[in-house]
Amino acid sequence: MLLVFKNVEVGRPTAGSVVPMNHATLRHKILVVDDSADTRDMMAKLLEMESFAVLTAPDGNAGIYVATTERPDLIITDINMPNLNGIEMIKQLRQRPGFESIPIMAITAYGEGVAQDAIDAGANLAATKPVQFKSLALDIRELLEKSLSDSNADPNPAEKKTTSQ
């Protein structure tokens, strides 16, 4: 039996229900890292509606902590955050064993140049705000499918791209 914590945030006890899962009903676990509580909450609700288990963190330092303790299947991060920004978080995660192949998506309001910086840091995909949720959900599913097929096949790095929304 596997326990999945929904909408867990560092510094808080479990902020959601604990759901027992078996292998047949296992959901993908997504970590959302953003300094805006409203954005984290909205993203968590939308992703939960898509049947994802969601973890959240308010900055890059907390994002690294949650990522290393919870091992999400995919990470979505904002770029401009206090304490440790998204680009530095991506760089640090990519240096840790086991995080070389976890898909990371960066979202930025600062345009294509910063989106490319996120790709250069190790993100698999970078999008510029505003992001359309339907497009985001499709990108998430594609990254998860590619990650699963890559882990079952050749260990080549994931294809990286930037998208304007």
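The structure is a predicted model, in which local features need pLDDT of at least 70 and side-chain atom pairs count only at pLDDT 80 or more, whereas totals for chains, interfaces and linings use all residues. Residues are numbered from 1 along each chain as its sequence is written, and side-chain values use heavy atoms, with hydrogens and water left out.

The predictor's confidence in each residue is given as pLDDT, on a scale from 0 to 100. For the protein chain the mean pLDDT is 82, and 76% of the residues reach 70 or more. Residues 1-25 have pLDDT below 50, and this stretch has 46 contacts in the model beyond near neighbours in sequence. Contact here means heavy atoms within 4.5 Å. A further stretch, residues 155-159, also stays under 50 in pLDDT; for residues 155-159 the model has seven contacts beyond four places in sequence.

Five helices and nine strands make up the secondary structure of the protein chain. Both kinds of element are DSSP runs numbered from the N terminus, with helices being H or I of at least four residues and strands being E of at least two. From the N terminus on, the order of elements is β-β-β-β-α-β-α-β-α-β-α-β-α-β. Of the 165 residues, 42% count as buried, where buried means under 20% relative accessible area, exposed over 50% and partly exposed in between (1.4 Å probe, protein chains only). Among contacts between residues at least 6 apart in sequence, 63% join residues at least 24 apart.

Two helix pairs that share α3 were examined. Axes are lines fitted to C-alpha atoms, for helices over the stretch in contact, and angles run from 0 to 180 degrees between N-to-C directions. Helix α2 (residues 60-70) and helix α3 (residues 86-94) have axes that come within 9 Å and cross at roughly 30 degrees. The helices α2 and α3 are therefore roughly parallel to each other, the classes being roughly parallel for angles under 35 degrees, roughly antiparallel for those over 145, roughly perpendicular for 65 to 115 and oblique for the rest. The crossing of α2 and α3 is right-handed; a crossing is right-handed if the near helix is turned clockwise from the far one by less than a right angle, and left-handed if anticlockwise. On the α2 side the contact is made by Gly60, Gly63, Ile64 and Ala67, and on the α3 side by Met89, Gln92 and Leu93. By class, the residues of this contact are four nonpolar, three polar and no charged. Ala, Val, Leu, Ile, Met, Phe, Trp, Tyr, Cys and Pro count as nonpolar, Asp, Glu, Lys and Arg as charged, and the others, Gly among them, as polar.

The axes of α3 and helix α4 (residues 111-121) are 8 Å apart, and these helices pack at an angle of about 15 degrees. That makes α3 roughly parallel to α4. The crossing of α3 with α4 is right-handed. Ile87, Ile90, Lys91 and Arg94 of α3 meet Val114, Asp117, Ala118 and Ala121 of α4, and the contact has five nonpolar, no polar and three charged residues.

Threonine 77 is located in strand β6 (residues 74-78) and counts as buried, at 1% relative accessibility. Leaving out residues up to four places away in sequence, threonine 77 touches Val33, Gly86, Met89, Ile90, Ile104, Met105, Ala106 and Ile107.

Glutamine 116, in helix α4, counts as partly exposed at 36% relative accessibility. The C-alpha atoms of glutamine 116 and alanine 126 are 7.2 Å apart, with the two residues ten apart in sequence. Serine 151 belongs to helix α5 (residues 133-152) and is exposed, with a relative accessible area of 55%. Between serine 151 and serine 101, which are 50 residues apart along the chain, the C-alpha separation is 8.3 Å.

Some backbone features lie in loops. The peptide bond joining lysine 129 and proline 130 is cis, with omega about 0 degrees, and proline 130 is in the loop between β8 (125-128) and α5. Serine 51, in the loop between α1 (37-49) and β5 (53-57), has a positive phi near 75 degrees and is partly exposed at 46% relative accessible area. Arginine 71, in the loop between α2 and β6, has a positive phi near 50 degrees and is partly exposed at 42%.
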